[in-house]
Structure formats: C-alpha cells, structure tokens
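User: I'm new to this and would like to learn how to read a structure. Could you walk me through it?

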Amino acid sequence: MALERLGSSLRSALKKVFRASVVDEATVKELLRDIQRALLRADVNFELVLDISKRIETRALGEKVPPGISRREHLVKVVYEELTRFLGERTAKITIEPGETKVIMLVGIQGSGKTTVSAKLARYFQKRGFKPALVCADTYRPGAYAQLQQLAGKIGIPLYGDTRTDDPVKIVRKGLEHFGNSDLVIIDTAGRHKEEQKLIKEMKTLDKKIGPDEIVLVIDGTIGQQAMVQAEAFNNATPIGSIIVTKLDGSARGGGALSAVAATGAPIKFIGSGEKIQDIEAFTPSRFVGRLLGMGDLETLLDKVRDAEMRVPEKKAKAILSGKFTLMDMYEQFDAVRGMGPFRKLLKMIPGMSYDIPEDKLEMAEDRLEKWRVIIQSMTPKEREKPKILNSSRIRRVANGSGTAEKEVKELLKQYSMMRRMLKTLRRKKKLPFFKKGFSGLR
Ligand SMILES: Nc1nc2c(ncn2[C@@H]2O[C@H](COP(=O)(O)OP(=O)(O)OP(=O)(O)O)[C@@H](O)[C@H]2O)c(=O)[nH]1
Ligand SMILES: [Mg+2]
C-alpha cells in the first residue's frame, strides 16, 4: 500500500542486519544511517529523525539483551518499537455508544479529501453493523452535493442536503432532525480555505453552532511534514479533534505527514490510501509499522476479512483467534480475500508470505491459492474440519480428485499448520505477535 518506498528501504536496511555475520556496534551504526536516509527521503522532519535514531542507538547498544533473544532480534525489535512509538503509542478510535447518535464533523482545507472520507467512513461503519447517515454541509462548491450523493448512492447510505440554501448550519440542524435514529451522522463541510488560519476560524464557528461530538481534520498526506502546522493549529483549537491523513497511496512523503502529525500529539484515527471507497483503514501504529517493515499482519488481514461482506462472522474470527482454526477457515479467509480487489495488497499481509515477495512471485502465489481452493474443495467436510486425518491414501485421493500432485496437497497442509501454529503464538503473546514468526528463521 502506501509508502512503498519507505517500506522497501527500511526492509533492505533490516535485511543487511540479517545478513551480517555478527551484530556489533558497526552493524547498528550502519543500520542507523540507513534508517535516517530512508526517513529523510520520506520527508520526515530532521529533528524527528535525529530523535528516533538516538533512541534506537541508545537502546540497541545500551540495553541488556534478554535471554532467549539474539542480538539481531533485539535490534529489530528496538527498531520496530521505536518506529511505532514515533507514530503514537496509543491507538485512537472513533467509538459509537449504543442508543446514541454520534455526530462527526469533517473539516479540512480545499481538496484534502473530506468528501471522499465522509463516504469511506460511512461505509466503514456500515460494514460493522452501524447505521450511518451523511449530511452535506458544503454550500460553497457547486456540485458538492452531487458528488456526495453519487458516493452515498453507491453504498446505500442516506444523505441529507439542500442545494437551495447557502447556510450550512441550517442544513445540519435539519439533517440531524432527519437522522435522529441513526447511530452516526457524518457531516461533510466545505473546503473553502487554502490555509490553516481561516480554516480553524471557520471550524470554531461551525463547532459552536453545531456542537458535534467529534471534529475530524482531514489532511492531505502528500504535503509531507508541512502537515505539522495544520495538525498543531487544529490540536490547539479543539479538545475533541482527531485526524485522518489521506492520499497515502503513491505519496513518497506520507511518512513525513504521519510522523509530523503524530509528533503534535493529535490522534490519527484513520488513514486513506486510495480513491476507492474501501481504501480506508483504522490507524494502528504498531500494525502500520509492522507492515512497513514487512512483518505479516494477521490482525489487519482478519479485519479485512471481516470487511469482506462478513463471510467470516465476528464470532468466527474470535474462534479462529482462540485456536479453533480449520482448513475450512483458511479456505474461507482466502476466498473472502480474493473478492476484495487488489489481491496482492492483501497477500502481503498473510504471515509467512509477507517478507519480500517480488512481483512475479506474487503472481505465482495467486495461482497457488487458486489451486489450494480446488484441493480443499476435493476434501470431505470431515477432512476440512480435521486435516490431521489426512493420511497418505487420503492425500492421494484428494490429489487425484483435484487434478493436482500429492506434493501440492502436502504443501497446502504445511501452510495450514504454519498458520495454525502462528495463531497459537498470537494467542500466547499478545504483544509483537509476528516478531518471532517473521524473523526467527533468519536468526
Ligand atoms: N489517491 C488518492 N486520492 C484521494 C484520496 N482521498 C481523496 N482523493 C482524491 O482527492 C480529490 C479531492 O477529494 P475530495 O474528497 O473531493 O476532497 P474535499 O476535501 O472534499 O474537497 P473540497 O470539498 O473541494 O474541499 C478527489 O479527486 C479524490 O478522489 C486518497 O486517499 N488517495
Ligand atoms: Mg468536498
């Protein structure tokens, strides 16, 4: 996804650590130089870069390495933790209380992505069982209502607006009356301004007159570290604010934007990474960094699966996490994932497949999953529930039935037990779930 370049330079910096015959001070220093270069290229603020590399250095060289962990692993762990800390330790969420109507107002300078985010957020919460509604309070830009109407229509979200009046407050009041039964009302406002001061002033006025529960500042991630000015002004102006950074796809400066916003202490709740309505994700620093560093992230995957028309119901996802994970579950996950568009984006999140997959290999992986699907379909329900019973004669039968080689059936079973084992680890170690998994093989 976003920040491809930052991710790949961080990964190649870490790869050097894995390849080094010993991990000593020189290794650490070289890693630090690489990380600095990568961050600066992603437009991360110079002071912040110095700060983070100092922290990594102090910990990597000063901390006692706990027993059972190699120096190599410790170093990677420190990098992972410090990058995560750097993006904000807490995970901020938009919460909706049952029985209440939560009112969220989106603000942001011209073209930052407010209207797109309104629709994305509505869909996000709709998928999670809520009843969101949209209000178009942009009376400034011609066509603003039509734009939101089109987006809302696509996902079946009710929208209120009135193109005959130019008073946003009036529209919002009417809209809130209208949507008294919704649990979430998202207000899209006008991006009348190109700079912070005026935006903040208008935001305060709207806030006073409308009284939303939460104000969300939408920041265009392509502006890089300049995002700090906006985030800071906003953070000082409102105690009920949170931030969504958009356009992180294809922006080389996204790292700068994210870190700059995080540095102000303003909570980043979501990030936008594409023009499509599903290109939004809840922002979790640890998860984000994990992916940046190429550690598979099953949590994100499960989240996406939940998203995929709920073919894996919440209960099931919980069951999976608690250890009941059958071949059928694996199949359903893959199947759900397949329906979700850019498959390779998601493939990168599957643990064990995540580390450094070249493009052509990705294609192979897609083919392979297709094969697995056929193989699983050739099994009896019992075999899918309890793959353990697949002895060699059963394996032969399945291979014949699916037109594959026995080797391929075995490979699938291997992948299955790997995922199963990993899920167990995930359960045991609530923290750093994939750290061991992703790297122990390279020790
Ligand atoms: N690539 C990419 N484009 C985005 C993203 N979010 C929004 N856009 C695009 O950015 C442009 C502006 O988005 P809008 O949602 O209309 O922005 P806005 O803040 O409502 O604009 P105004 O109402 O005019 O202030 C549109 O062309 C969107 O498709 C994103 O995450 N990635
Ligand atoms: Mg707009």
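User: How much of the protein chain counts as buried?

Analyst: A residue counts as buried when its relative accessible area is under 20%. In this predicted model, 54% of the 443 residues of the protein chain fall in that class. The chain's accessible surface comes to about 20900 Å², and carbon and sulfur atoms hold 50% of that.

User: How many helices and strands does the chain have?

Analyst: You'll find 20 helices and eight strands. Now for the contacts: among those with a separation of 6 or more, 72% are between residues 24 or more positions apart.

User: Which residues make the nonpolar surface patch?

Analyst: For a patch, you look for residues with over 30% relative accessible area and no salt bridge. Here Leu40, Phe46 and Leu50 make a nonpolar one of about 270 Å². Take Leu40, which sits in helix α2, residues 25–41. Its relative accessible area is 38%, so Leu40 is partly exposed.

User: And which residues form the positive patch?

Analyst: That one is formed by Arg173, Lys204, Lys208 and Lys209. Helix α8, spanning residues 196–210, gives the most to it, with three residues.

User: Where is Lys209 found, and is it buried or partly exposed?

Analyst: Lys209 is in helix α8. Lys209 has 46% relative accessibility, so that's the class it gets.

Conventions:
Residues are numbered from 1 along each chain as its sequence is written. Chains are lettered from A and ligands numbered from 1 in the order in which they are written. This is a predicted model: local features need pLDDT of at least 70, side-chain atom pairs count only at pLDDT 80 or more; totals for chains, interfaces and linings use all residues. Side-chain values use heavy atoms; hydrogens and water are left out. Patches are made of residues with over 30% relative accessible area and no salt bridge: like charges are joined within 9 Å, nonpolar side chains (Val, Leu, Ile, Met, Phe, Trp, Tyr) within 5 Å. Accessible areas come from the Shrake-Rupley method with a 1.4 Å probe; for residues, only the protein chains shown count as cover. A salt bridge is a side-chain nitrogen of Lys or Arg within 4 Å of a carboxyl oxygen of Asp or Glu. Lys and Arg count as positive and Asp and Glu as negative; His and the chain ends are not counted. The place of a charge is taken as NZ of Lys, CZ of Arg, CG of Asp or CD of Glu. Helices (H or I, at least four residues) and strands (E, at least two) are DSSP runs, numbered from the N terminus. Buried means under 20% relative accessible area, exposed over 50%, partly exposed in between (1.4 Å probe, protein chains only). Contact means heavy atoms within 4.5 Å.
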